[in-house]
Every structure is written in structure tokens, then in C-alpha cells.
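Please keep the sequence and the model in view while reading.

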Amino acid sequence: MTHQLHPETMAIHAGQKCDPSTGSIIMPIHQTAAFQFDDAAHAEGVFLLKELKDGQHENIYTRVGNPTVTQFEKRITALEGGKGAVAFASGMAAIAAAVLNVCRVGDNFVASRNLYGGVSNLFQNIFADFGIECRMVDHDDPENFRKAADDKTRLFWGETLPNPRLNVFPIGEVAKIADEMGLPLMIDNTCATTALCRPFEHGAHVVVHSATKYICGHGSTIGGVVVDSGKYDWANKNVPMMTRKDPSMHGISWAEKFGDLGYLIKMRVTQLRDMGASLAPMNAFLLTQGLETLHMRMDKHCENAHKVATFLANHPKVNNVFYPGLDNGDSKKWADAYMGGRYGGMVGVDVKGGVEGGKTVSSNLQLFYHVANIGDVRSMAIHPASTTHSQVPQDMREKAGITDGFVRLCVGTENADDLIADLDQALNKIKA
Ligand SMILES: Cc1ncc(COP(=O)(O)O)c(C=O)c1O
């Protein structure tokens, strides 16, 4: 078909083939560790990466690839408009791999300081132990990325809709600086999702997702994925790990040998083969099913979050509401530019009473689950200062806009009036 399919259609059909042996229209869960080789020559060729199809390994061993996982990778690739993808056991594993694929001891990278707390800890503390420095900047001024970079900088990083502060990242502005400096811009698109934002259309080079969230949509699975646009020139020598002779694969240079597939093939061969955080076939199956309803769910999440944010903005127990749709500055401007004028399913609220106020709300909600997750059809709430961001030092947490009374709401697809009634009773429990 020459007709270009729309995202909602690709979410159901991309990467889909009926199972040739049974005619099953749903991809079977290939619950196997290993795959039979035809003969010795075939086996040898596969190990020497001679048998790549569309940048995908032939099936050898589920740690490096599996048909059920491949189908998920192909579908998210189509939805993001990329060149290819590599799936991982979790969003954190995908993020670690995206950076470690191109950074080694002595290198640095520049990231927005508005990040999910776990990622912030990985970037600041765990990578520091690897000798990799993360330089955190305010993304309100995109020029901060240029100012923080030097000749050891290997990439720029931001979250489209940062969890939990929700101040939208200026993808196009930072991508322009990245292009001028010859560096890749990597975007965590977890909270916006590909239904609201396709970062490659705005100049980003690599996209990652925690697929655990809206992609899964039902809180049943942990997974992650890295998608490469195929547009960054990995051979440009600004990222030496892509051009050096790699002892882990017979001294090849990934960029020279594989061109625009080099980043993904290196990732599969080194990060998956050698680090081993692979997505399980069963989980890939659930995530592919999740993708099929993503666009529909996101419509309802956005509609409900807007109603909830509007209600909270007028509540006497609320100091401040964080939601791009009610912002009158850059966050709204960038949401309009990069998220199609939609604002996602999350709402941040700074309640009266500081830490105690935040804990009162999270403890008294009845419909909202009190959990460390987002992106589910069920509404969910958490108080970051005492949970997800408790590892982040208070000054850094406050710099990132997460005050003591901040509560993160992830608004589900229930009836909005029921959610508003639940929030009202929980807020009213805060002591005057
Ligand atoms: C924006 C963002 N990125 C990455 C992650 C980590 O994903 P996972 O929990 O799948 O490892 C999270 C988790 O909440 C997140 O919110």
C-alpha cells in the first residue's frame, strides 16, 4: 500500500504477520531460550553478524532477540517513525543502555534537571561510579545545554513531559543546538507517549520509553525500549565509542560497519548480549497489546486530567497546580509545539501543609491507588518527597520544582466526576 498509515492504524498493524504455521492473527508468545541453527555455516554466520535482516539479529538466543520481542520493537519503531528499536527488561535498563552505548569513563553528557527521580539517581550517582559525569541544567533556557558542553560531551538528554514536574522540554530548541554541536539528543518520551509527541519530527535523534507506563496501560508489565531515528551521523567522530575499534566485537567500528544502524546493532550486541537486561517474550506480548489501545486511552487520560487540573486550581487546600494546559509560560508553549496542544494524563499539585499535607492526601484517596507507578487506566497518586524522590537531596529536589507538599496524580480513564469527588474528600482532610 502506498497510502501512509495513521498512528492509530500502525498501533494495531505494524510489525504484524499471521503466524505461518497456525494462521494465528496474534503473535504467539515464543517462550523459548534458544533457536535451532540450520547447520554449522549458518551458526557461524549468525555469530559474526553476517545474517542481519533490517538490523535485526537472526534468532539465536532470547537474551539478544526473540520474535515476540521483535514484533514489539517493530511496532514502536513504526509509531515513533524511527529506523529500529531494541527492547529491554525495564525503562531503567533501556535508559542505562542508551547512555552506556556511547559514554565511557572520562565522558560526560548534559541532561535537564527535570527527570524522573530514579533516572536522576542513575545519572548523578551510579554513572559517577563509572567515571561518567552528568551535567544537569535548567531546560527553561535551552542555551544552558550549549554552555554546559565541552569536547568530552557525548549527548544531550531530556524528558518530553518530565515526571513529575511536567514542565515540557523544548525538544526543537535543544535539537537545534545539538545539531550545531554535532551531538545526539536523546528524549525520554514515557509520559507524553508517542500518541502525543513524536520527538524525531522535532529533531531528536534517539527516543526511549519506560513501556511499563502508558504503553502497557494496565500496570501489569515492566519493560523499556530504545528507538533510533537513523538520522544522527554516528560516524562523525564526536562519539568515539561508535567509531573506535571495539574489542568486544573483533575490533570493528560500529559506525563504519553498520552506518545508521550502528547504534542499535552495538546496543543489541553489547548492552543486551553482554549486560543481559532483555525483555521477556511474555512481557513483549503484553506491551504489544497495550500499544493497540494507546491512542484511545491517551485521549481519555488527557480529557480527564484537564478536568481534574481545572478543579484543583480552584480548591482552597491547594497552593499550586502543575499542568502544562494551565501554564501561561513556556511549558504551555512547548506543549503546544511538541505535544500537539495536548497536555498528557498527569497533574502535579502542591497542597497546603507541606510534607504532612502531601501525606494526608496520598493516604486518604480511595479511588486513586497509592502506588509508585504511572500510566495505568486506574488513577494513581504518590507523594514524591517521601517516596520516588526521597533519594534526591532536598535542595536538588526543590530546584527541580518538587516541593514538600507536591503530590503527583496520574489521572486514569475512569469517570472524571468520580475522581474529582475522591480528590475533594482527601484534600478536605488536610488540617487547616
Ligand atoms: C519518565 C520515566 N522514565 C523511566 C522510568 C523507569 O521505568 P521503569 O520503571 O520501567 O524501569 C520511569 C519510571 O517511573 C519514568 O517515569
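The largest nonpolar core has 132 residues, of which V225, V226, V308, V347 and L409 touch the most other members. A nonpolar core is here a set of buried Ala, Val, Leu, Ile, Met, Phe, Trp, Tyr and Cys residues joined through C-beta atoms within 7 Å. A residue is buried if 20 or more other C-beta atoms lie within 10 Å of its own, exposed if 12 or fewer, and partly exposed in between, with C-beta atoms placed from the backbone. This core draws at least three residues from each of domain 1 (7–290) and domain 2 (295–427), the domain bounds coming from an automatic or database domain assignment. Leaving aside neighbours within four places in sequence, V347 is in contact with A305, V308, A309, L312, V321, Y323, L409 and V411; contact requires C-beta atoms, placed from the backbone, within 7 Å. In soluble globular proteins, nonpolar side chains tend to be buried together.

The model is predicted: local features need pLDDT of at least 70, side-chain atom pairs count only at pLDDT 80 or more, and totals for chains, interfaces and linings use all residues. Residues are numbered from 1 along each chain as its sequence is written.

The C-alpha centres of the two domains lie 28 Å apart. Across the boundary, 33 residues of domain 1 are in contact with 34 residues of domain 2. On the domain 1 side, α1 (7–13), α5 (117–129), α7 (171–181) and α8 (193–196) each supply at least two residues. Helices (H or I, at least four residues) and strands (E, at least two) are DSSP runs, numbered from the N terminus. The residues of that side divide into 15 nonpolar, 13 polar and 5 charged, where Ala, Val, Leu, Ile, Met, Phe, Trp, Tyr, Cys and Pro count as nonpolar, Asp, Glu, Lys and Arg as charged, and the others, Gly among them, as polar.

The largest share, 3 residues, comes from α4. Of the 17 residues around the ligand, S90, G91, M92, S210 and T212 come nearest; a residue is near if its C-beta atom, placed from the backbone, lies within 6 Å of the ligand. The shell divides into 7 nonpolar, 8 polar and 2 charged residues. Helix α4 (residues 91–100) is mostly covered, with 9 of its 10 residues buried, G91 and M92 among them.

Over the whole protein chain, 54% of the 432 residues count as buried.

Technical notes: Two residues are in contact if their C-beta atoms, placed from the backbone, lie within 7 Å.
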